[in-house]
Structure formats: C-alpha cells, structure tokens
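Visitor: I'm new to this one. Could you show me around?

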Amino acid sequence: MYLGPREIDENQEYPLISDNIKESAHFTRPQSQEMSLANPPQKTASGRFLIIATIRSKPGKEETLAELLKLIQKRANSDEEPGTFTYRVTRRIDAEGKHLSDFVIIEEYDGAAGLKAHMAAAPFQNVIKIAKEQDLMDGELSGDFLDEI
C-alpha cells in the first residue's frame, strides 16, 4: 500500500530501510537502450543531462587514475565549463570503507551542448589518451543517462 506524503503518521514508528534488506540483497542495473557518451540522447524533458559514469581501474593503478580524474573534475567545476553544473568523482567502498577499483562519476550538464563542451575540453581528452596509453582502465567507461522527474 502506497503511503503518500500526507498519509504518513508522524507518531508511528517505521522500520529502517536497512531492517528490511537481507545481507544477500544487491543492486542491479536495469537493461536500457544502448547509449554511449558518443551517442547521447537528443534531449531530456528537463533540458539537463545527468550521467552516472563508471570506470574500473586495473589493479595497482587506482591512485594514478584517481589523480587524472581529479584534473577533469577541477576544470569541470570551474568557470571554464559553464555548461557543467555538477562533476563529482567518487569511489566505491566495501563494508569496511576500503576503496575499491571502481570510480563513479556523477555529472550534470546544461543539455547536449554542455556535455559536448566538457568532452571536447583538453583535460578530458588528455585523461582519456593517458588512460589508454598507460593501460589504466579495466574495460570501457560505462554510463547511464538520466532525467529528473
């Protein structure tokens, strides 16, 4: 039964979400239409492009990749990229808080033009080139395009 915002009893105690999740629970990504950074959606209802990108580092090369991603982040969050609203580089962690080899980047752009400007910028192009030359990535960059509701 759906409890809308006005149907929640503030005096009622509700179980925490974690109380309802078994240890074996895990998240999976739904199947979606094939898209890539080279082939983004034409438009979104909000006019903004939100992207959750994932990059896996090869073992032992995590810190090198992290430093390169920080270079992209620095420019993306500066006035040099006015079409980039958000660019956050994060790393997955395990249950003990130890960094894993996966980097998750949370991005938001002012439509296709903002994304294209970001991807054309020298830091982005240089990092992609260096990552390939130094064989830093384990697989390809993957991502999901999102739209706010």
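Visitor: Which residues in helix 3 does helix 1 meet?

Guide: This is a predicted model, where local features need pLDDT of at least 70, side-chain atom pairs count only at 80 or more, and totals for chains, interfaces and linings use all residues. Residues are numbered from 1 along each chain as its sequence is written, and side-chain values use heavy atoms, leaving out hydrogens and water. On the helix 1 side, Leu-68, Leu-71, Ile-72 and Arg-75 take part, and contact means heavy atoms within 4.5 Å. Their partners in helix 3 are Pro-123, Phe-124, Val-127 and Ile-130.

Visitor: Is helix 1 roughly parallel or antiparallel to helix 3?

Guide: The axes of helix 1 (residues 62-76) and helix 3 (residues 122-133) come within 9 Å and cross at roughly 170°. Angles over 145 degrees count as roughly antiparallel, so helix 1 is, relative to helix 3, roughly antiparallel.

Visitor: What is the volume of the largest cavity?

Guide: A cavity is a set of points on a 1 Å grid over the protein atoms alone where a 1.4 Å probe fits but cannot get out. Searching the whole structure at 30 Å³ or more turns up one. The space in the largest cavity is about 90 Å³.

Visitor: Which element gives the largest share of its lining?

Guide: Lining residues have an atom within 4 Å of a point, and there are 16 of them, with Ile-55, Tyr-87, Ile-105, Phe-124 and Leu-141 closest to the centre. Strand 1 (49-56), helix 1, strand 3 (99-109) and helix 3 each supply at least two. The largest share, four residues, comes from helix 3.

Methods:
Axes fitted to C-alpha atoms, helices over the stretch in contact; angles between N-to-C directions. Parallel < 35°, antiparallel > 145°, perpendicular 65-115°, else oblique. 1 Å grid on protein atoms, 1.4 Å probe; cavity = no way out; pocket = protein on both sides within 12 Å on 5 of 7 lines; lining within 4 Å. Points joined across faces, edges and corners; volume = space filled by probe spheres on them.
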